[in-house]
Amino acid sequence: MPSDLVIVANRLPVDRVQLSDGTPGWRRSPGGLVTAIEPVMRAGAGTWIGWAGGTDQGLEPFEDDGMHLVPMSMSAEDIERFYEGFSNGTIWPIYHDLVAKPEFHRVWWDAYVSVNRRFAQKAAEVAAEGATVWVHDYQLQLVPQMLRDLRPDLRIGFYLHIPFPPAELFAQLPWRRQILEGLLGADLIGFQLPGGAANFVRLVRQRVGHKTHRDLVYLPDGRAVRAAAFPISIDAKGFEELAQSEPVAERAQEIREALGNPRKIFLGIDRLDYTKGIYARLRAYSELISDGHFDVEDAVFVQVAVPSREQVEQYRILRDEIDRLVGRINGDLGRIGRPAISYLHSSYPREEMAALYRAADIMVVTPYRDGMNLVAKEYVACRFENDGALVLSEFAGAADELRQAWLVNPYDINGMKSALLDAYRADSSELTRRMKAMRKTVRQHDVAAWAEEFMIQLSDVGFHHKQTRPAHHG
Ligand code: G6P
């Protein structure tokens, strides 16, 4: 059945995995994209095209909780060159401020082009006449134009879940021109922050030569493309209700007891990624103990590191570094039954996350660069008693909205130490004042409002009657 709304993302919301008894099963996919899009998709009937993880499994389309899912297959070579290679070894570090060094390989780019083409072809197959297709994230930046060439009748939106870099960094990409043109196939291009949208428009003007005015690009074929910010969010009400539920309350209590009922629990939850600043954060925390500000009896740091992109070299190195650091800190500072850091290399279902959020007094989110960071928003949504502290990097997109957090520069270890200590010592009236304000923001700007705003603007853009310039060549 052709669909009027098609989501195209690298990942499906569920991942095909092997259960412990060896039989195949499904697990929720990691990361912010799925967290945000899933509730939107459940609310309206649509089709979601994406990869189910793993190599070619010949999976047929299927229904999952009201969503129609269309699995895309990937060969081992696609995974190596398109997913681990160009997407996560080239684009990811460039778009995150060069926190790690990107690699440029022509065979990776060729794979990126051919996988994008397959996704575009699949979208062209399943979309109904005049349908809306919403393409997501950095893995699929060529899909909008490829899809438009196949199906000019469609309305096409694109949303980038990660930061869009300054022109100076983007310009390093040997395929910069093709990526800009790929994105311009969309009618509306959404970014997390206004700065990302402005970077994009500037690059289009400089590198492709199209006429632009504010957030609009005027193409020679008469199309007007809008590039604007739509800060993404979460299902705030859903998280709050989950946090209030009896099983989650009991589980939160159990967690506190298992940790030895310390006065304060610090919490970090991140994919194990070098952009997240986990190493510096744990060092800052451990120095507070060795400096004598508090003791392992008073506080514990629970760090959940969700396994991610484990075949990529830089992620393996990071894992070893964190393993060593945690071992050293606990060896130096811990006592029997009292580690300084309780480290969990695992992913957990939403219920367990909500219980952790409920149990934690201080949530620590200190990425070097992050498109939004939904964990920060989830913590706020779960603190229905208006308590708990959020220590947040000013380089996470969420810092634009959550101004009442303790904002820190993650490169500044002493600054992080004093913010962690301030949060540790804050009295309840200060916590309430800050949390109340943040909760209001998260409740008002939830993910349903985000999707609605994007869809309204997507139905609005179209054609212009301006004089245009021909594009630059090369
Ligand atoms: C971020 C990206 C998503 C990605 C997720 C998990 O949230 O924006 O596109 O799906 O990380 O990463 P993975 O490589 O496991 O899909």
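**Cavity.** I asked which helix gives the most to the lining of the largest cavity. It is α15, with three residues. Helices and strands here are DSSP runs (H or I, at least four residues, for helices; E, at least two, for strands), numbered from the N terminus. The model is predicted, so I noted the rules: local features need pLDDT of at least 70, side-chain atom pairs count only at pLDDT 80 or more, and totals for chains, interfaces and linings use all residues. Residues are numbered from 1 along each chain as its sequence is written, and side-chain values use heavy atoms, with hydrogens and water left out.

I counted one cavity of 30 Å³ or more. A cavity is a set of points on a 1 Å grid over the protein atoms alone where a 1.4 Å probe fits but cannot get out; a pocket is an open set with protein on both sides within 12 Å along at least five of seven lines; lining residues have an atom within 4 Å of a point. Points are joined across faces, edges and corners, and a volume is the space filled by probe spheres set on them.

The volume of the largest cavity is about 30 Å³. I listed its lining as A236, E240, V380, A381, R439, V442 and R443. Two or more of the lining residues come from each of α8 (236-244), α13 (374-382) and α15 (428-444). By class I found four nonpolar, no polar and three charged residues. Ala, Val, Leu, Ile, Met, Phe, Trp, Tyr, Cys and Pro count as nonpolar, Asp, Glu, Lys and Arg as charged, and the others, Gly among them, as polar.

**Pocket.** Next I looked up the second largest pocket, at about 240 Å³. Its lining has 20 residues, and P163, F164, L193, G196 and R369 lie nearest its centre. Helix α7 (residues 194-208) gives the most, three residues. I read the classes as nine nonpolar, six polar and five charged.

**Helix α10.** I checked the span of α10 (residues 278-290). Its 13 residues reach 18 Å from first C-alpha to last, close to the 18 Å expected at 1.5 Å a residue (1.5 Å times one less than the number of residues). The buried residues include I278, L282, Y285 and I289. Buried means under 20% relative accessible area, exposed over 50%, partly exposed in between (1.4 Å probe, protein chains only). The buried residues pack against elements including β13 (264-271), α11 (313-333) and β16 (362-365). Just after α10, G292 takes a positive phi of about 90°.

**Strand β16.** I found both faces covered: I362 and V364 on one side, M363 and V365 on the other, all buried. β16 runs parallel to β13, joined by two bridges, and parallel to β17 (residues 389-393), joined by four. Strands pair if DSSP finds at least two bridges between them. I362 is the bridge partner of F266 and also of A389 in β17.

**Single residues.** Is S87 buried or exposed? S87 is buried, because its relative accessible area is 0%. This residue sits in α2 (residues 76-95). Its contacts (heavy atoms within 4.5 Å) beyond four places in sequence include W92, Y112 and Y138.

D153 is in the loop between α4 (143-150) and β8 (155-159). At 27% relative accessibility, D153 counts as partly exposed. Beyond four places in sequence, D153 touches A128, E129 and G130. D153 and G130 are 23 residues apart in sequence but 5.2 Å apart in space, C-alpha to C-alpha.
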